[in-house]
Amino acid sequence: MINIKDKTGCCGCSACFNICPKNAIIMKPDNEGFLYPDIQEELCVNCGLCEKVCPIQNPMQEIQKEQTAYLFQNSNDRVREESTSGGAFTAIGEYVLNRGGVVVGAAYDEEFRIIHSIAESTFELRKFRNSKYAQSNMQDIYRQIRKLLDSGRFVCFSGTPCQVEGLLSFLRKKYDNLLCVDIVCHAVPSPKLWEKYLQYQSSKVKDATNILFRDKKPYGYKYSSMSIYKGNDVIYRNGVESDKMLRAFFSEIADRPSCYDCKFKKRYRESDITIWDCFEVYRFSQKLDDDKGTTRVLIHSESGRKVMDEVLKDNISLQVSADALCVGVKEMVFSVKKNPKRDAFFADMDKLETTEFFNKYFPDDGIMYLKKTARRILIITGLYSFAKKLKQKMKRR
Ligand SMILES: Cc1cc2nc3c(=O)[nH]c(=O)nc-3n(C[C@H](O)[C@H](O)[C@H](O)COP(=O)(O)OP(=O)(O)OC[C@H]3O[C@@H](n4cnc5c(N)ncnc54)[C@H](O)[C@@H]3O)c2cc1C
Ligand code: SF4
Ligand code: SF4
Ligand code: SF4
């Protein structure tokens, strides 16, 4: 049976839970809120399947292969506006749905918890749009996917690289009717932190109909904000320097232990397609640099190429070399560094009252107001894009 020596040895993909023929595994949250397998020994028959499907205990070798690369912008302005970057994922999802398939991705449940679920229609596809910066709960989604695949349905699965490798390990055979789309993944913060943030925002969340981690309104793609919506009205909005959840995400203070030593960050992937942001679109094309969002699309397989050839026909794209697309993308290959305050942060999460907790680690102090004001001035004067380009050029040196 599966034995995790230390917490970096489990990414929480739930492949072991999904495969167990005796339902002897429960995915249980630890004190930080991350799920780990807990074996009910009285039910276990020592079949060894849980070990066999673990993507950390059975790492997939990185094999260099031919890759095709594009910059992508969805031709539907609304879809592009609602998506994190250029809306590539929705376009791929629509292609699959239009062929009678189903799409699987990370969505909110009715309490705004982040879970993997299935979409059967283009209307439902909307729930996957926009990044959710906390680990999603996989539940029994791999089992549901296997059932769909065995019944002959075309399935598009999307998620973090570890979730894709977890699914492929779980399936243990190649399916021609499966398309896997992964993201370039910074890291995933704890679901318990997200729960704490929802409590902190409870007066707004109680009326909310949607929460966007990366809202492009009103300042554009380069300065997206956390927004809480009630219908079409925004009831909360704050940017990366002032919103507590975004500050936690970008300070690497609450990520899953496996993310600090990620085994899945690589250029040559097991997925068919990898998607991620392109803030530096001006490096490839001035014309595409409209601050409305562009997705980088890296294709690893023939089936990925076949799908994208069709998807590209109805959208705006530019083919570039795979090397040019990937150059300087550190988060694709390097793990994030653990914030030295991480242990104290989790200890305080249990001890302190919600507002006191967030204010201790992310205070609304002079520095925060200075950063916020400077950013707003740069946006109003039209200098923000210029300043960001300069910063990115300096970072690349
Ligand atoms: C946790 C996380 C970290 C990321 N880190 C980076 C990064 O460091 N650099 C970078 O360039 N891009 C990163 N991205 C990817 C980026 O934010 C966009 O997902 C990407 O640009 C595609 O955008 P889109 O407009 O095509 O699609 P969107 O419509 O925005 O697509 C959303 C897709 O992301 C998936 N998704 C959303 N939240 C989660 C989640 N919690 N777990 C698993 N899958 C999820 C959905 O299933 C869907 O497939 C990250 C995304 C997430 C979720
Ligand atoms: S060894 Fe087999 S029965 Fe036991 S927990 Fe693992 S998968 Fe389940
Ligand atoms: S990495 Fe996945 S399969 Fe391995 S122990 Fe963790 S949840 Fe189970
Ligand atoms: S950083 Fe690695 S381990 Fe963490 S969620 Fe992303 S792919 Fe999984």
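# Reading the labels on this model

Mentor: Let's start with Asn130, which is buried at a relative accessible area of 7%.

Trainee: Why is Asn130 called buried?

Mentor: Buried means under 20% relative accessible area, exposed means over 50%, and partly exposed lies in between, with a 1.4 Å probe and the protein chains only. The value for Asn130 is 7%, so it falls under the 20% limit.

Trainee: Before we go on, what kind of model is this, and how is it numbered?

Mentor: This is a predicted model, where local features need pLDDT of at least 70 and side-chain atom pairs count only at pLDDT 80 or more, while totals for chains, interfaces and linings use all residues. Residues are numbered from 1 along each chain as its sequence is written, chains are lettered from A and ligands numbered from 1 in the order in which they are written, and side-chain values use heavy atoms, with hydrogens and water left out.

Trainee: What makes the backbone of Asn130 worth a remark?

Mentor: Asn130 has a positive phi of about 85° although it is not a glycine. Most residues other than glycine have a negative phi, and most peptide bonds are trans. Asn130 belongs to the loop between helix H5 (122–125) and helix H6 (141–150); helices are DSSP runs of H or I with at least four residues, strands are runs of E with at least two, and both are numbered from the N terminus.

Trainee: Which label does Asp291 get, buried or partly exposed?

Mentor: Asp291 has 25% relative accessibility, so it counts as partly exposed. This residue also shows a positive phi, about 60°, without being a glycine, and its place is in the loop between S11 and S12.

Trainee: Where is there a cis peptide bond?

Mentor: Look at Lys217 and Pro218: a cis bond joins them, with omega about -5°. Pro218 is in the loop between S8 and S9.

Trainee: How do you know that Tyr221 and Phe279 are stacked?

Mentor: Rings of Phe, Tyr and Trp (its six-membered ring) pair if their centres lie within 6.5 Å; planes under 30 degrees apart count as stacked, over 60 as edge-to-face and the rest as tilted. By this rule there are 24 aromatic pairs. Tyr221 and Phe279 have their centres 4.6 Å apart and 20° between the planes, and their pair is stacked.

Trainee: Why is this pair said to tie parts together?

Mentor: Tyr221 lies in the loop between strand S8 (210–215) and strand S9 (225–230), and Phe279 in the loop between strand S11 (273–277) and strand S12 (295–299), so the pair ties together parts 58 residues apart in sequence. Tyr221 counts as buried at 3%, whereas Phe279 counts as partly exposed at 23%.

Trainee: What makes Lys132 count as sitting over the ring of Tyr108?

Mentor: The rule asks for NZ of Lys or CZ of Arg within 6 Å of the ring centre and within 35 degrees of the ring normal. The charged end of Lys132 sits over the Tyr108 ring at 5.6 Å from its centre. Arg143 lies over the face of Phe17, at 5.8 Å from the ring centre.

Trainee: How do you know which residues are around ligand 4?

Mentor: A residue is near a molecule or strand if one of its heavy atoms lies within 4 Å of it. Around ligand 4 this gives Pro161, Cys162, Cys185, Ala187, Val188, Ser258, Cys259, Cys262 and Lys265.

Trainee: How do the residues of that shell divide by class?

Mentor: They divide into seven nonpolar, one polar and one charged. Ala, Val, Leu, Ile, Met, Phe, Trp, Tyr, Cys and Pro count as nonpolar, Asp, Glu, Lys and Arg as charged, and the others, Gly among them, as polar.

Trainee: How do the shells around ligand 2 and ligand 3 divide?

Mentor: Ligand 2 has nine nonpolar, two polar and no charged residues around it, including Cys20, Cys44, Cys47 and Cys50. The shell of ligand 3 has 11 nonpolar, two polar and no charged residues. Of the 13 residues around ligand 3, Cys10, Cys13, Ser14, Cys16 and Cys54 come nearest.

Trainee: What makes Tyr197 and Leu325 buried?

Mentor: Tyr197, in helix H8 (residues 191–200), has a relative accessible area of 1%, so it is buried. Leu325, in helix H12 (residues 322–326), is buried at 0%.
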